[in-house]
Amino acid sequence: MDEADTHLIGSRCKRCGTYFFPGNVTFCRNPSCESDEFDAVPLSREGTIWSYTDAQYKPPEPYVAADPFEPYAIAAVELAKERMIILGQLAKGVTVDDVTTGMQVELQLQTLFTKDGQDYVSWVWQPKR
Amino acid sequence: MSRDVVILGAGMHPWGKWGKNFVEYGVHAARAALKDAGVSWQDIEFVAGGATMRNGYPGYVAGATFSQALGWQGNEIMTCYAACATGSQALAAARAKIQAGQCEVALVVGADTTPKGFLAPQKGERPDDPDWVRFRLGITNPTYFSLYAQRRKDLYGATDEDFAAIKVKNAEHGFSNEFARYRKKFTVEEVLASPMVASPLRLFEICATSDGGAAVVVASKEYADRLGSQRQVKIGGISTVSPKFASADVEMPDIATDSAAASNAYSFRASIAQKAYEEAGVGPEEVSLAEVYDLSSAMELDWYEYIGLCPQGDAEKLLRDGDTRIGGRVPVNASGGLACFGEAVPAQALAQVCELTMQLRGEAGDRQVSDAKVGVTGNQGLFGHGSSVVLLR
């Protein structure tokens, strides 16, 4: 897959324009909108770090951890156009010392884990160079 | 306006990791509350039970479970669950029943037995459940606590020492509290030497899960007066509000906030106590003491602002000036807070109410806040449950 074309797919309400992620919505959650029609739309693949942290201990299932467990960093990223914050791991190798609030990041794909020979891929945030 | 409702009695089972059936804690707390109120169990007309999700069917129907354990006597029953806000919701139900004139005296009980370690989602492959999705991505409860803690560092200049100082303060407060689980004093250095869990928060700064039980007896003012009770504490207001769209808070268990592309952005947490203050006819400047949800040490700072003790960004100053320790201007978590209790989900919001009740009566012993007249709780349950109670002497 071409990294430059990688987007998260969200939903956008056809009537009021509100975005949703994850995008599997059936009814618009804006209380002043009664729409039940949505377009699947690509979300901004760049955003600003709202805050960040890491995980030094292995999370419980359904997280599938490497053995031995490898700590990972996490960022909450603000998307300007959608006016929403989306959480995700930071790219492998990026630590909390490498990022700051307000930093620009972009979306990448990364294999989260492999199970029964199948790769499970997720989005991660990579600081922009 | 509807008639006044008062707290007649409060009771608790000490928090800990006792490994017993949750019903034991609930009944212990209920009997303590009834004794404290001077009310016989058989006089109770309505029981509001806080449900627990980890103790099988008896936990889902806790109001009935506690009633049966105390001895069936024909009282009406309800059970509710609102995660960490469960206790306030149960209290609100009892108050409404009394306000509506449908009963005069009610018992509110919450109790829990908890497993060790991280709170984990239910088993199975459930990609439609946001709680399942976030754990799959490696986003745990401490992730959310730490995102807010880190933001305070970057926006308001909070330091690791500030976060540790919260733990030190609350450990000091809870040291003499017979109901607290952790009764040990800490230094800032000891807290900072504990293992990092989720940067910047360390093990001693993140709330544990506990067993425990709390109960209150509530009644109409008329009933309390007829009983000749001299130790009534008035319920000034209760807030159980939900968020407003578009909620801008990064909230468990969601991996994204609402989009404010077509709506105004709101801060849910800052709105929670507002309704309780309005009902009570008091403002944050009149508060004598507060019990807030310190799921992490850093989160207590956020709550100073959410409940209006100071403007946004000033919480660190309040802490550093000693305003929020016992003896300061507005002590916060005089009970020791979650730092000393650990969380027993359906009992915790009631435990906050029990502490304020003891404080407003002047019965809090070594941790008594002097001249306590107005108390407020601040708390929030997963999936959009606000919780705030204002008590008045």
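In this predicted model, about 2,800 Å² of area is buried between domain 1 of chain B and domain 2 of chain B, and carbon and sulfur atoms give 67% of that area. On the side of domain 1 of chain B, the residues that lose the most area to domain 2 of chain B are B:Met12, B:Trp15 and B:Cys84, which together account for 27% of what that side buries. The two partners are each assigned from two stretches of the chain, with domain 1 of chain B given as 5-117 + 211-232 and domain 2 of chain B as 142-207 + 236-392. Their centres, taken over C-alpha atoms, are separated by 24 Å, and 41 residues of domain 1 of chain B are in contact with 35 residues of domain 2 of chain B.

Polar and charged groups also take part in the pairing of these domains, for which the count is three salt bridges, together with ten residue pairs in polar contact, both residues being at pLDDT 80 or more. As to the elements involved, strand S1 (5-16), helix H4 (86-99), strand S4 (105-112) and strand S7 (211-220) of chain B each supply at least two residues of the side of domain 1 of chain B that touches domain 2 of chain B. The most is given by S1(B), which contributes ten residues to that side. Sorted by class, the side of domain 1 of chain B that touches domain 2 of chain B comprises 20 nonpolar, 14 polar and seven charged residues.

A salt bridge is also found between the side chains of B:Glu279 and B:Arg95, at 2.9 Å from N to O.

Terms used. Residues numbered from 1 in each chain as written. Chains lettered and ligands numbered in written order. Predicted model: local features only at pLDDT ≥ 70, side-chain atom pairs only at ≥ 80, totals over all residues. Heavy atoms only, no water. Domains from an automatic or database assignment. Contact = heavy atoms within 4.5 Å. Buried area = accessible area lost by both parts, 1.4 Å probe. Salt bridge = Lys/Arg side-chain N within 4 Å of Asp/Glu carboxyl O. Polar contact = N/O pair within 3.5 Å; in protein donor to acceptor, adjacent residues only side chain to side chain. Helix = DSSP H or I, 4+ residues; strand = E, 2+ residues; numbered from the N terminus. Nonpolar A, V, L, I, M, F, W, Y, C, P; charged D, E, K, R; others polar.
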